[in-house]
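Open the model in your viewer with the sequence panel beside it. The stops below are meant to be selected in turn.

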Amino acid sequence: MKIKYSELIDQTLYFPTEEFNVSENNLLFHDIPLMDVVEKFGTPLKISYLPRISQNIQKAKSWFKEAFEKTEYKKNYTYCYCTKSSHFKFVLEEALKNDISIETSSAYDMDIVKSLYENGKVDKNIEVICNGFKTDDYLAKISDMINNGFENITPILDNYRELDKLTESIDTTFDIGIRIASEEEPKFEFYTSRLGIGYKDIIPYYSQKIAEHPNARLKMLHFFINTGIKDTAYYWNELYKCLRVYARLKKIAPEVDSLNIGGGFPIKTSLNFDYDYQYMVEEIVSQIKKFCEEEGVEEPNIYTEFGSFTVGESGANIYKIISQKRQNDREKWNMIDSSFMTTLPDTWAISRHFIMLPLNRWEDTYERVFLGGLTCDSDDYYNSEQHTNAIYLPVFSDTKPLYIGFFHTGAYQETISGFGGIHHCLMPQPRHILIQKDENGELQYEIFREKQEPEDVLKILGYK
């Protein structure tokens, strides 16, 4: 009978993987000895492994390069990083090592671009795709940067008002794009995305407002599906509708030369994750090329805006199991030394799954448990995992500490939970460390932010 935790993993999951392995009964994440990290920095702990950001960018670039070569696609591919996934400086600086463009969604993003420029991380040639509904402040910052020589900033029109406001404030020629208001899946709570302009309205709008515009040039059509890039009839149907608009536009607006297919690449949320990235890229590229050939129009440059895919797999959250509560004869609650609601809000808000594994005691026997956080809130728990919706961990012991990690948590969690602010039940924000590799492949550790102390919380609340 197989009763060790390591045996459970061997018989139920794909293991080891590219990211995970076990050495001397302890878990390695990208060859990082996690128990050594725990001994050095304690728990709870947030980790950002920066090399993973560059690795994923280069993977995507290679998939598109191979697809272009295979289909003899004649135009260019541009990788944009979607900043809303994680705005941290260390993320942007790592991503920018890979010759990428940036996609923004708010006025504050433009301040980040300015800061990067002022610190010599980018020059005025940096390409910025400006998405989202644009407030007057957002539009003013876009206009100011274009007027000051940032010529590769492209505002993507979300509504008719935006072009009028840009026209009033920009005193030179500038490029624009139009976002298509795609139709959502039938099971969605609404039929059409709130972002963008309807399929049927784009051609008339171009003819009436853009074709004879003295300064604005339409360069890009933007397309994004909320549910991501999936091999489904729904996705291919929406892509086809987008291509019909592109072909019609291209015939009357030869200056349109780019198609932005947005983001939507998934990240690994299970050790049984199965997604053929290369197939999806080749299929998208071939469908675009085939459609354009049939319509007799030039194929577009292809842009993507991967956010979670860029940064998600670089992150990990580490906790210690500090106690076990037995509520009845079936349910055992392992309590972590933090809160899921405040450090992994997606587990609470959208029932998001992450890869969860113990850091130590892999040769011990296992038991089925639930995981609970420290807030006095009934929703502060995590109870779903790879093992047929159950969590199995090494048996709890008062004398043998157990540590667990949630992996691929690098996107959205800090911004949604309110990094540096007040959290539910005043749970303190954990210490956050960055892990990099030097030119010799040696791991380097840096504390990005210390854990919150009571004085920090009291100051925010006005008590100090």
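Is phenylalanine 90 buried or exposed, and what is its relative accessible area? The model is a predicted one, and in it phenylalanine 90 has a relative accessible area of 9%. Phenylalanine 90 is therefore buried, since the cut-off for that class is under 20%.

Now colour by secondary structure. Phenylalanine 90 lies in helix α4 (residues 89-95), and phenylalanine 448 belongs to strand β21 (residues 443-449).

For a group of rings, select Trp63, Tyr79, Phe265, Phe273, Tyr275, Tyr277, Phe306 and Phe309, which form one aromatic cluster.

Next, show the side chains of tyrosine 108 and lysine 141. The charged end of lysine 141 is placed over the tyrosine 108 ring, at 5.5 Å from the ring centre.

For the last stop, go to the open sheet of 3 strands, ordered β1-β2-β3 and paired antiparallel. Its edge strands, β1 (20-23) and β3 (32-33), each pair on one side only. Strand β2 (residues 26-29) runs antiparallel to β3 and is joined to it by 2 bridges. Select leucine 28 to find proline 33 of β3 opposite.

Methods:
Residues numbered from 1 in each chain as written. Predicted model: local features only at pLDDT ≥ 70, side-chain atom pairs only at ≥ 80, totals over all residues. Heavy atoms only, no water. Helix = DSSP H or I, 4+ residues; strand = E, 2+ residues; numbered from the N terminus. Buried < 20%, exposed > 50% of the residue type's maximum accessible area, 1.4 Å probe, protein only. Phe/Tyr/Trp six-rings, centres within 6.5 Å; stacked < 30°, edge-to-face > 60°. Lys NZ or Arg CZ within 6 Å of the ring centre and 35° of its normal. Pairing = 2+ DSSP bridges.
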